[in-house]
Amino acid sequence: MSKLDQVLNLDPSIELRFKGPFTDVVTSELTLSNPTDKRVCFKVKTTAPKKYCVRPNSGIIEPGTFVKVAVMLQPFDYDPHEKNKHKFMVQTMFAPSGPIDSVENLWKEASAESLMDSKLRCVFEMPPDAAQNNLDSSVEDPSTKVNAPKVSSATPEKQPLKGGNSDPELRKALDDCRRLQADVNNLRQENASLKDSETRLRKVAMSETVSSARPAHDMAQAQAQANQIPPVVLLIAALLLGLFIGKFIL
């Protein structure tokens, strides 16, 4: 069975054009007109759903009326050499007569033979000045690339903000970075002080241990010396004891 022709009039009917620069959201408007005497359900689909926001992306168009659909392209880094393959499809079908409980269920229950669709491709346009600047920045001079000086990494305190100082979020991030750096420096100083204190305490403890152990060592040494009796004294004592015993026997 041949496919049904689209009953809605699309403006534009072939392509959606988006004009850069693409540093912010770019909106292209699509008008869907219903010239018939029946209600028509529509749904807008895209091959790149993460890059676009469509409002409204579905609905019902009453006979003789139209709906304007805003297709919003999200910001991205535009490359003139990259081929764009984004496409949109407007899918439609006649709505049944009478009240409709759920449009979602209506789409689920619809047969393939009752669906109509139209496809549009996306075209990205850059202003002449912006396109030339983008092209110049993408082409590098080999001599400049070879002789370019190396840029040293800057500390958080000296690194400039991208986009100027007007962004409060960037200023807040830089302030937080500075506070964290100051906290790190303070912690390092406290750690060094603790290490010095620990070293001094160890030295004091070692000196006290040595001083307390020295008197005990000296006392033991004196007692050992006192217990040692010279041999001459022992010999004299033995002679005296022998004389005393001899006299007693005699």
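A residue is described as buried when its relative accessible area is under 20%, as exposed when that value is over 50%, and as partly exposed in between. The model examined here is predicted. By this criterion, Phe-18 and Phe-124 are both buried, and of the 250 residues of the protein chain, 19% fall into the buried class.

The protein chain contains five helices and nine strands. Along the sequence, these elements follow the order β-β-β-β-β-β-β-β-α-β-α-α-α-α. Among the strands are E2, covering residues 15–19, and E9, covering residues 116–125. Among the helices are H4, which spans residues 168–227, and H5, which spans residues 231–249.

Eight aromatic pairs were found in a search of the whole structure. One of them joins Phe-18 to Phe-124 in an edge-to-face arrangement, with 6.1 Å from centre to centre and 70° between the planes. This pair links distant parts of the chain, since Phe-18 lies in strand E2 and Phe-124 in strand E9, 106 residues apart. Both Phe-18 and Phe-124 are buried. A further pair is formed by Phe-22 and Phe-76, whose rings are tilted, with a centre-to-centre distance of 5.1 Å and 35° between the planes. This pair also links distant parts of the chain: Phe-22 is located in the loop between E2 and strand E3 (26–33), whereas Phe-76 is located in the loop between strand E7 (66–73) and strand E8 (87–94), 54 residues apart. Phe-22 counts as buried because its relative accessibility is 3%. Phe-76, with a relative accessible area of 26%, is therefore partly exposed. Ring pairs connect Phe-18, Phe-22, Tyr-52, Phe-76, Tyr-78, Phe-88 and Phe-124 into a cluster. An aromatic ring also takes part in a contact with a charge: the charged end of Lys-38 sits over the ring of Phe-94, at 5.1 Å from the ring centre.

Charged side chains were then considered. Side chains of opposite charge can pair when their charged atoms come close. Six salt bridges were counted in the structure. Arg-17 takes part in a salt bridge with Glu-15, at an N to O distance of 2.1 Å. With a relative accessibility of 36%, Arg-17 counts as partly exposed, while Glu-15 is buried, having a relative accessible area of 18%. The side chain of Arg-17 also meets that of Glu-125 in a salt bridge, with 2.3 Å from N to O. Distant parts of the chain are linked by this pair, as Arg-17 belongs to strand E2 and Glu-125 to strand E9, 108 residues apart. Glu-125 is partly exposed, at 22% relative accessibility.

Another salt bridge, between Arg-202 and Glu-198, has an N to O distance of 2.8 Å. These two residues are four residues apart in helix H4, so about one helical turn separates Arg-202 from Glu-198. Arg-202 counts as exposed because its relative accessibility is 54%, whereas Glu-198, at 40%, is partly exposed. Through shared partners, salt bridges join Glu-15, Arg-17, Arg-121 and Glu-125 into one network.

Nonpolar side chains also occur at the surface. Ile-236, Leu-240 and Leu-243 form a nonpolar patch there, with about 310 Å² of accessible area together. Leu-240 belongs to helix H5 and is exposed, as its relative accessible area is 55%.

Most peptide bonds are trans. The bond from Asp-11 to Pro-12, by contrast, is cis, with omega near 0°. Pro-12 is located in the loop between strand E1 (9–11) and E2. A cis peptide bond also joins Arg-55 and Pro-56, with omega of about -10°. Pro-56 lies in the loop between strand E5 (52–55) and strand E6 (58–61).

Finally, cysteine residues were considered. The structure holds zero disulfides. Cys-41 counts as buried because its relative accessibility is 0%. Cys-122 is likewise buried, with a relative accessible area of 4%.

Definitions and conventions
Residues numbered from 1 in each chain as written. Predicted model: local features only at pLDDT ≥ 70, side-chain atom pairs only at ≥ 80, totals over all residues. Heavy atoms only, no water. Patch = residues over 30% accessible without salt bridge, like charges linked within 9 Å, V, L, I, M, F, W, Y side chains within 5 Å. Areas by Shrake-Rupley, 256 points an atom, 1.4 Å probe, with all protein chains shown as cover. Salt bridge = Lys/Arg side-chain N within 4 Å of Asp/Glu carboxyl O. Buried < 20%, exposed > 50% of the residue type's maximum accessible area, 1.4 Å probe, protein only. Phe/Tyr/Trp six-rings, centres within 6.5 Å; stacked < 30°, edge-to-face > 60°. Lys NZ or Arg CZ within 6 Å of the ring centre and 35° of its normal. Disulfide = S-S within 2.5 Å.
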